[in-house]
Amino acid sequence: AFGVVADIQFADAEDGHDFGGCRRRYYRHSLRLLREAVRAWADESPPIDFVLQLGDSIDGQNVRRGEAESALQQVLAVLGELSVPVHHAWGNHELYNFSRARLVHTGLYSRPAGGSDGPPDRECHAYHWSPAPRLRLVLLDTYDVSTLGTDPGSPRYQESLRILREKNPNDDLNSPAGLNEPYFVAFNGGFSQAQLDWFNEVLKFSDENQEKVIVMGHVPIHPYASNGVCLAWNYEAALSVIHSHRCVVCVLAGHLHDGAYCLDSHGVHHLTLEGVIETPPESNAFATIYVYEDKMVLKGRGRIPDRVMHF
């Protein structure tokens, strides 16, 4: 069993709204909701084994307020009350607040130290682990190719900007207006070929060892588990890797605060979790997932509905 939560986006700020000005965001309350989630997970019996934090732990406005470090420490302090590991995906809001090079040295860097569990590029925050026999989890870095959090003079930035500009001619690169592929916006990102090759090798190993695999990352990789905008740039390449193997049973993501779900044509469940940041203070948005031989049972709280996902 494990806990899962997405898009906390904490800031010590008054309530605000999304970029469209119509969705309320509860910046300060999100930390209180996270505290409630941690208390609920701590009371689970039998106890949970770990927690997945699906990205956007703090809000981008913290950097303008000079509060990025303090906001992150407050979130990590709450999660630190748990006696189990927390695995962190990196979202766009992490990368608004910190460079990739800096994130490597924060508590959000949950890739095992010194191991060979991830791609050779240490700044690519992807890795895998096995919490139980015949079960493997893979954390993907959905901003491995991105203009966010990278030095504008770096090859990574230049290549990412070239890909983005090729698909998005808008002055505002966060605007999907008029695009045939509206997910080519700066608040999304994609996967390098090196990460995809590594991912393929991990799944090949899991196939050979008859493992079930759960994949996690911030940005959804299936259009039906998205709104068409919140989607990884080269999601088709990631899906192609998954569909060339038998082992993946579920992909967990955040980013889209409304949440979404689909069962794809290869029998893989794609679950996008509702975001804490747009959850009213009297509700919540977290879940506990119980893994069995033939299914995953999700017990949701607040906005997140219960779900049974058969393998």
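Biologist: Which sense do β12 and β13 pair in, parallel or antiparallel?
Modeller: Antiparallel, over 7 bridges. β12 covers residues 285–291 and β13 covers 295–302. This is a predicted model, where local features need pLDDT of at least 70, side-chain atom pairs need 80 or more, and totals for chains, interfaces and linings use all residues. Numbering starts at 1 along each chain as its sequence is written, and side-chain values use heavy atoms, without hydrogens or water.

Biologist: What stands opposite Phe286?
Modeller: Arg301, in β13. A hairpin of 3 residues joins β12 to β13.

Biologist: And which strand pairs with β13 over 4 bridges?
Modeller: β14, residues 307–310, also antiparallel. Val297 has Val308 of β14 as its bridge partner. β13 and β14 make a hairpin, with 4 residues between them.

Biologist: Switching to rings. How many aromatic pairs?
Modeller: The count is 8 (Phe, Tyr or Trp six-membered ring centres within 6.5 Å; planes under 30 degrees apart are stacked, over 60 edge-to-face, the rest tilted). Trp90 and Tyr109 have ring centres 6.2 Å apart and planes at 45°, so that pair is tilted.

Biologist: What does the pair tie together?
Modeller: Trp90 is in the loop between β5 (86–88) and α4 (92–97), and Tyr109 in the loop between α5 (100–103) and β6 (127–132), so the pair ties together parts 19 residues apart in sequence. Tyr183 and Phe184 are a tilted pair too, at 5.1 Å centre to centre and 35° between planes.

Biologist: Which residues form one aromatic cluster?
Modeller: Phe2, Phe50, Tyr127 and Trp129.

Key. Pairing = 2+ DSSP bridges. Helix = DSSP H or I, 4+ residues; strand = E, 2+ residues; numbered from the N terminus.
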